[in-house]
Amino acid sequence: MSELPSTALVTGGSRGIGEACAKRLAKDGFEVIITYVSRPDGADKVCAEIEAAGGKARSFKLDSSDRDAVAAFFKDEIKGKVKLDVLVNNAGITRDGLLVRMKDEDWDKVLDINLTGAFTCLREAGKIMMKQRYGRIINISSVVGQAGNAGQANYVSAKAGLIGLTKASAIELASRGVTVNAVAPGFIETDMTAELPEKVVAQMMENIPLKKLGKSEDIANAVSFLASEDSGYITGQTLAVNGGMYM
Ligand code: NAP
């Protein structure tokens with residue numbers, strides 16, 4: 001087992017925060033596997049850039065909300081094939097709308113991908129990491145999972161759920177040397193926030209003591225630490241990377 005390459009799996013690594021995490025973990029010395037769902041070109045580009053910088057990366061199309069596909073992926077591509085030291089549960093979407101008008105399908109989709117998808121990957125990775133008696137699992141939550149936000153009941157619930165999942169699984173996996181932590185980004189410049197109206201961004205800025213939006217690399221820096229051996233006495237925690245907003 002120890003001769004297999006030390007590997008980090010980043011879900012939703014084809015752009016944004018996942019891309020930055022994948023690149024940083026490759027730089028840290030991990031072989032990287034990224035998943036994507038709709039943008040093979042983005043995933044190919046991320047892998048090519050990692051390889052060009054001297055790292056190793058592969059991508060797989062994998063919808064995190066498809067339980068059977070996730071189980072098959074871990075069975076066929078991970079178990080016994082790599083040494084899975086790190087899982088970053090990053091894949092996520094928003095489908096915003098006011099609570100009283102929120103459609104069932106928008107509730108279900110956001111919970112299925114952001115929370116159930118993370119659970120399914122964590123469960124599969126947990127089995128492998130418990131056996132190898134080492135692992136680092138990092139769930140990407142959100143500042144809104146800590147503070148709440150109007151128009152995002154589905155997303156807030158999923159992201160708050162991830163914090164609970166982090167705490168519960170940290171306790172269960174601790175005795176086997178597996179840590180589970182969450183990172184709660186504030187407002188980070190990615191496709192997810194690109195379409196916010198200027199007025200909303202200006203309002204957000206008022207609440208950010210550092211007076212700027214974050215970059216994907218700011219999140220990757222925190223993930224890099226939590227993925228390292230140096231973070232070994234930290235588990236069940238949520239690290240806020242949000243420019244100083246107090247939660
Ligand atoms: P993004 O730019 O929209 O990228 C989302 C990523 O998730 C893409 O790689 C996408 O793949 C992938 N993805 C979407 N649905 C998927 C599915 N069903 N299965 C697998 N992968 C899927 O988002 P981001 O801003 O980087 O956000 C990354 C994570 O950080 C999310 O969990 C988000 O909730 C969280 N977050 C973001 C912010 C922010 O301000 N940006 C703040 C707090 C938390 P494709 O490219 O193939 O579509």
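1. A word on polar contacts before anything else: I count a pair of N or O atoms within 3.5 Å, and within protein one must be able to donate a hydrogen and the other to accept it, while residues adjacent in sequence count only if both atoms are side-chain atoms. With that in hand, look at S142, whose side chain reaches the backbone nitrogen of V144 at 3.1 Å. S142 sits in the loop between β5 (135-140) and α5 (143-147). Its relative accessible area is 6%, which makes S142 buried (buried means under 20% relative accessible area, exposed over 50%, partly exposed in between, with a 1.4 Å probe and protein chains only). Helices (H or I, at least four residues) and strands (E, at least two) are DSSP runs, numbered from the N terminus.

2. Some housekeeping. This is a predicted model, so local features need pLDDT of at least 70 and side-chain atom pairs count only at pLDDT 80 or more, whereas totals for chains, interfaces and linings use all residues. Residues are numbered from 1 along each chain as its sequence is written, and side-chain values use heavy atoms, with hydrogens and water left out.

3. Now the strands. Which strands does β2 pair with, and in which sense? Strand β1 (residues 6-10) is joined to β2 by four bridges, and the two run parallel; β2 and β3 also pair in the parallel sense, over five bridges. (Two strands pair if DSSP finds at least two bridges between them.) If you want to click through the partners, A8 is bridged to V32 in β2, V32 to A57 in β3, and T35 to F60 in β3.

4. How enclosed is β2 (residues 31-36)? Five of its six residues are buried, so β2 is largely enclosed by the rest of the structure.

5. On to the aromatics. Rings of Phe, Tyr and Trp (its six-membered ring) pair if their centres lie within 6.5 Å; planes under 30 degrees apart count as stacked, over 60 as edge-to-face and the rest as tilted. By this rule there are two aromatic pairs. One is F60 with F73, edge-to-face at 5.2 Å centre to centre and 65° between the planes. F60 lies in strand β3 (residues 57-61) and F73 in helix α3 (residues 67-78), so this pair ties together parts that are 13 residues apart in sequence. F60 is buried at a relative accessible area of 18%, and F73 is buried at 6%.

6. F73 also pairs with F74, again edge-to-face, at 5.6 Å centre to centre and 85° between the planes. Both F73 and F74 are buried. Put together, F60, F73 and F74 form one aromatic cluster.

7. Staying in helix α3, have a look at I78. I78 is buried, at 0% relative accessibility.

8. Last, two backbone angles to check. Most residues other than glycine have a negative phi. R133, however, has a positive phi near 60°; R133 is in the loop between α4 (104-132) and β5 and is exposed, with a relative accessible area of 52%. K211 is not a glycine either, yet has a positive phi of about 55°, and K211 is placed in the loop between α8 (198-206) and α9 (216-226).
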